[in-house]
Amino acid sequence: MSAYPKIFDAGEDAVIVYLAKNPCTEVSDQIAAMLPRLREHLGDCLVDLIPSFTSILIIYRPLVRDHYYIHREIRDVLTELGEHEHKDGKLVELPVYYGKEVGWDLERISDRTRIPIDDIIELHQQQEYRVYAIGFSPGFAYMGEVDGRIASARLETPRKKVPQGAVGIADRQTAIYPKASPGGWNIIGRCPTPMFDKTATRPVPVSVGDRVRFYAINKETFLAKGGQL
């Protein structure tokens, strides 16, 4: 019998539900399916839902409902879903310019793996990635799994500034920096699509559970789409 899911109080106004020990596509699907149902079940007492790789943090109004109610509603949602529900998130295609002036770590990855740069770029595009979590900064989507042949450990010394739109690899995850910030991921290209726009109807173009594919564009197209070097 599985030890999951596990439900714990996380303070006076929060409950966390763990769905598995390790992240995987099935857990990501379950989290994505739970989010709208939790919003429906919890209604006005809900403050926020924060999904992660294997868990969801539910922040609620304790003056409206107590934690017993939250636990019960979580269990009801889990019962509704059942063990075999599967729902693919939407497919989002994102352009990437993989030029050497923006792919700062392509040559180093190539030297380490003995894989030509063109093949590294091709391998990065071949995968269909799942959005496992959004965090670190607004719009920073953790996506996996990167092809094991080009998986690369984080830099020993993080850079003080990584530009907005930088596409990186860390172990078997890939991500796009939504704004300029310090960072230790291996940078292989740059995406012109904004990953966070607070003025947009959907500030973040991807959600947990969505599928993402990257496709290569040239420098001219990158600049025409609003990319900056």
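**Charges, cores and rings**

Modeller: Let us begin with a charged residue and a ring: Arg-65 lies over the face of Tyr-69, and its distance from the ring centre is 4.1 Å. Please bear in mind that this is a predicted model.

Colleague: How far from the ring centre of Tyr-4 is the charged end of Lys-6?

Modeller: Here the residues concerned are Lys-6 and Tyr-4. The charged end of Lys-6 sits over the ring of Tyr-4, and its distance from the ring centre is 4.7 Å.

Colleague: Is Tyr-129 buried or exposed?

Modeller: Tyr-129 is found in strand β6, which covers residues 129-134. Buried means under 20% relative accessible area. The value for Tyr-129 is 1%, so this residue counts as buried.

Colleague: Which element supplies the largest share of the largest nonpolar core?

Modeller: This core has 27 residues, and Leu-94, Val-206, Val-212 and Phe-214 touch the most other members. Several elements each supply at least two residues of the core, among them β5 (91-97), α3 (106-113), α4 (117-126) and β13 (211-217). The largest share, four residues, comes from α4.

Colleague: How many residues does the second, separate core have?

Modeller: Val-15, Leu-42, Cys-45 and Ile-56 are included in this second core, which is separate and has 25 residues.

Colleague: Where is Asp-147 placed, and is it buried or exposed?

Modeller: Asp-147 lies in the loop between β7 (141-144) and β8 (159-162). Not counting residues up to four places away in sequence, Asp-147 touches Leu-123, Gln-127 and Arg-172. Its relative accessibility is 11%, and therefore Asp-147 counts as buried.

Colleague: Why is strand β12 described as largely enclosed by the rest of the structure?

Modeller: Strand β12 covers residues 186-190. The description holds because, of its five residues, the number that are buried is five.

Colleague: Which residue of β12 is the bridge partner of Val-167?

Modeller: Strand β9 (residues 166-170) pairs with β12 in the antiparallel sense, over four bridges. In β12, the bridge partner of Val-167 is Gly-189.

Colleague: What is the angle between the planes of Phe-136 and Phe-140?

Modeller: A pair of aromatic rings is described by the distance of the centres and the angle of the planes. A search of the whole structure finds 10 aromatic pairs. Phe-136 and Phe-140 form an edge-to-face pair, with 5.0 Å from centre to centre and an angle between the planes of 80°.

Colleague: How many residues apart are Phe-140 and Trp-185?

Modeller: Phe-140 and Trp-185 also form an edge-to-face pair, 5.4 Å centre to centre. This pair links distant parts of the chain: Phe-140 is in the loop between β6 and β7, Trp-185 is in the loop between β11 (181-183) and β12, and they are apart by 45 residues.

Definitions and conventions:
Residues numbered from 1 in each chain as written. Predicted model: local features only at pLDDT ≥ 70, side-chain atom pairs only at ≥ 80, totals over all residues. Heavy atoms only, no water. Buried < 20%, exposed > 50% of the residue type's maximum accessible area, 1.4 Å probe, protein only. Contact = heavy atoms within 4.5 Å. Pairing = 2+ DSSP bridges. Core = buried A, V, L, I, M, F, W, Y, C linked by side-chain atoms within 4.5 Å. Phe/Tyr/Trp six-rings, centres within 6.5 Å; stacked < 30°, edge-to-face > 60°. Lys NZ or Arg CZ within 6 Å of the ring centre and 35° of its normal.
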